[in-house]
Amino acid sequence: MWQPVLMICGYFITVLGIAMLLPAAIDIYYSGVNWSIFISSSIVAIFIGFSLFLANRGKIKEITIQQAYLLTVLSWVSVALLAALPFIFYGTSVPDAIFEAASGISTTGASIYADVEKLPRAILFWRALLSGMGGVGIVIFAIAMLPFLGIGGMQIFQRENSDVNEKFMPKISYIAKRIIAVYLILMVACIAMLKMAGMGWFDAICHTLTTISTGGFSTKNASIGYFNSSSIEWIVTLFMFLGAIPLTLYHSLLATKDIHSLRSNQVSAFVKVLAIYITIMTIWLVYQGVYEPYDALRYSAFNIVAVVTSTGYNSANWLNWGAFAATAFVIFALTGGCTGSTSGGVKIFRWQVVAAQLKRAFITTTEPNRLLPLKVGGSTISHSVASSIFVFFIAYAFSVAIISLLVALSGVDFATAFSATIACITNSGPGNTQLIGPEGNYGSLADTVKLLLSFTMILGRLEVLTVLVIFTKSFWR
C-alpha cells in the first residue's frame with residue numbers, strides 16, 4: 001500500500017524544496033540577508049523528498065482507492081509541514097509557522113503576523129508562492145483525483161469511466177499541462193494589468209499569485225485597501241472571479257466552443273448568486289448611509305467576491321457595516337466558487353443540487369406518485385452523486401460543530417471560535433469578529449488552536465470526507 005504513496009509524496013516534497021530556491025533568489029536580488037534560510041530549508045526538503053522517492057521508486061501500475069486517499073492527505077500534510085521550515089528558520093514559533101504554511105498551501109489567507117509589512121521580501125514572496133502552488137495543486141487534485149474518490153459533485157469532471165488504473169497517471173499529466181497553461185496565462189494577464197494600474201512589480205507578482213489562486217495573502221497590512229485604488233480593486237475582483245471558475249472550462253471553450261455543459265451552467269448560477277449578493281449589499285450600504293452609490297458598489301463587489309471565492313482580501317472592514325453585513329458574510333463564505341476552481345467553500349454546484357432536491361421535494365409532496373429526475377440545468381444528477389453530496393453536508397456540519405467546540409475550550413468566545421472555524425474550513429481567511437477579522441489576525445490564539453485550525457484548513461481544502469475517511473476502522477481493513 002505504501003510504496004506508491006511515499007514515492008509520489010517524495011516527488012511533491014522535492015518539488016517544494018526546489019521552489020524554495022525562488023525566494024532565495026528574490027532575497028539575493030534585493031540584497032537581503034535571509035537567502036540562507038531558504039537554501040537551508042531547500043536542502044532539508046529535497047533530502048527528505050528525494051530519499052522518499054528513491055527508497056520507494058518503482059513503476060505505478062495501479063492506484064487503489066485506499067492509496068489514493070492516503071496519497072491525497074499525506075501529500076498535502078507533508079507539504080504543509082515542510083513549507084513551514086522557512087518561517088521556523090526565520091524565527092517564527094513552530095505552531096505559528098505551521099499555521100502560516102498551511103494557510104498558504106490551502107489558499108486560506110489567514111495569518112498570524114500582525115505586521116506583514118515588516119517581513120522581508122523573501123518571506124512575503126514565499127507566502128504568495130505557497131498560495132500559487134496550492135491553487136493550481138488543488139485544481140489538479142480536484143479534477144483528477146476527486147472523481148476517482150467519488151467525492152460529491154466532482155464526477156462532473158469526468159465521463160463515465162471505471163478505468164482508473166493504467167490510465168490514471170497519464171490522465172493527471174494531461175490535465176496538469178492544460179491547467180498549468182491556463183493558470184500561467186491568467187497570471188501574466190493579471191500581473192500586466194496590476195502593473196499598469198500602479199502596483200510595483202513585486203507587489204503585482206505577489207498579489208497575482210494570491211489572486212488567481214484565491215489565496216488572499218497580501219504584502220500590506222491593509223490588504224488591497226492599502227492601495228486605495230478603484231482600478232486595482234476592479235482588476236483584482238475580475239481575476240478573483242476568474243480563479244473561481246473551473247479552469248478546464250477555459251480550455252474547453254477555446255477547444256470546442258461548447259458552452260452547453262454542466263460547468264457553464266454552474267458558472268451561470270455562480271454569476272447570478274454573486275449579482276444577488278452584491279446588489280443586496282450595495283442597496284444596504286446606500287440605505288444605511290455608509291457609502292455613496294458608486295463606492296457602495298465598489299466595496300460590496302470587491303469584498304463579497306473576495307469572501308465568496310475564499311480569497312480573503314479586503315478593501316474595507318466589513319465588520320463596521322453593521323450586524324446584517326457581518327452575518328451575511330458568513331453566508332458568503334459558505335457559498336464558495338465553482339468545483340474544479342481554486343476557490344474553497346461548499347461550492348456552488350452542491351448548492352445547486354440541494355436547491356434541485358428541495359424543488360423536487362416540494363412537487364412530490366403534493367404529487368406523491370409523480371416520478372421526477374434530479375436535474376441541475378439540463379443534466380440529470382445520479383443518485384450516487386446526490387447521496388455523496390448529502391453525506392458531505394453532514395460531515396461538513398459535524399466538523400464545524402466539533403472544531404468550534406474544541407476552539408472554544410481554549411477560552412475564546414463562541415463567536416470567535418465559530419467564526420475561526422468557518423473561515424478556516426471554507427478557506428476564506430478573515431473571520432467575523434474584530435480579533436480575527438479583516439483588520440485582525442490569528443496570532444493571539446493559543447498554539448493548540450493554531451494547530452487545530454491548520455488541520456481545519458487542510459480539511460476544508462480537501463473536501464472534508466477525503467481526510468475524515470482515513471480515521472475510520474473500515475479504511476484500514
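**Close-up 1. Residue S78 in helix α4.** S78 is buried in this predicted model, its relative accessible area being 17%, a value that falls under the 20% limit for that class. The residue belongs to helix α4, which covers residues 65–83. Within this view, a polar atom of the S78 side chain is placed 2.7 Å from the backbone oxygen of L74.

**Close-up 2. The crossing of helices α16 and α17.** Two packed helices are described by the angle between their axes and by the distance between those axes. Here helix α16, formed by residues 348–366, packs against helix α17, formed by residues 383–408, at an angle of about 110 degrees and with the axes 10 Å apart. That angle makes α16 roughly perpendicular to α17. On the α16 side the contact is made by F349, R350, W351, V353, V354 and Q357, while on the α17 side it is made by V385, A386, I389, F392 and F393. Sorted by class, the residues in the contact of α16 with α17 are nine nonpolar, one polar and one charged.

**Close-up 3. Helices α1 and α2.** Helix α1, residues 2–19, and helix α2 pack with their axes 4 Å apart and at an angle of about 5 degrees. The two helices, α1 and α2, are therefore roughly parallel to each other. G17, I18 and A19 of α1 make this contact together with L21, L22 and P23 of α2. By class, the contact of α1 with α2 has five nonpolar residues and one polar residue, with no charged residues.

**Close-up 4. The salt bridges around K450.** Side chains of opposite charge can pair when their charged atoms come close. A search of the whole structure finds 10 salt bridges, and one of them joins D96 to K450, with the closest N and O atoms 2.5 Å apart. Because D96 lies in helix α6 (residues 94–105) and K450 in helix α19 (residues 447–461), this pair ties together parts that are 354 residues apart in sequence. Both D96 and K450 are buried, and for K450 the relative accessibility is 3%. K450 also meets the side chain of D447 in a salt bridge, for which the N to O distance is 3.9 Å. K450 and D447 are three residues apart in helix α19, so about one helical turn separates them. D447, with a relative accessible area of 41%, is partly exposed. Through salt bridges that share partners, D96, D447 and K450 are joined into one network.

**Close-up 5. The pair D295 and R298 in helix α14.** In this view the side chains of D295 and R298 meet in a salt bridge, with an N to O distance of 4.0 Å. Since D295 and R298 are three residues apart in helix α14 (residues 293–308), they are separated by about one helical turn. The two partners can also be described by their accessibility: D295 counts as partly exposed at 27% relative accessibility, whereas R298 is buried, with a relative accessible area of 8%.

Close-up 6. Most residues other than glycine have a negative phi. The position of S31 is in the loop between α2 (21–29) and α3 (35–55), and at 66% relative accessibility S31 counts as exposed. S310, which is not a glycine either, has a positive phi of about 65 degrees. This second serine, S310, is located in the loop between α14 and α15 (323–335). With a relative accessible area of 0%, S310 is buried.

**Close-up 7. I331 of helix α15 and its distance from V308.** I331 is part of helix α15, where a relative accessibility of 49% places I331 in the partly exposed class. Along the chain I331 and V308 are 23 residues apart, and in the model their C-alpha atoms are separated by 8.5 Å.

How values were computed
Residues numbered from 1 in each chain as written. Predicted model: local features only at pLDDT ≥ 70, side-chain atom pairs only at ≥ 80, totals over all residues. Heavy atoms only, no water. Buried < 20%, exposed > 50% of the residue type's maximum accessible area, 1.4 Å probe, protein only. Polar contact = N/O pair within 3.5 Å; in protein donor to acceptor, adjacent residues only side chain to side chain. Axes fitted to C-alpha atoms, helices over the stretch in contact; angles between N-to-C directions. Parallel < 35°, antiparallel > 145°, perpendicular 65-115°, else oblique. Contact = heavy atoms within 4.5 Å. Nonpolar A, V, L, I, M, F, W, Y, C, P; charged D, E, K, R; others polar.
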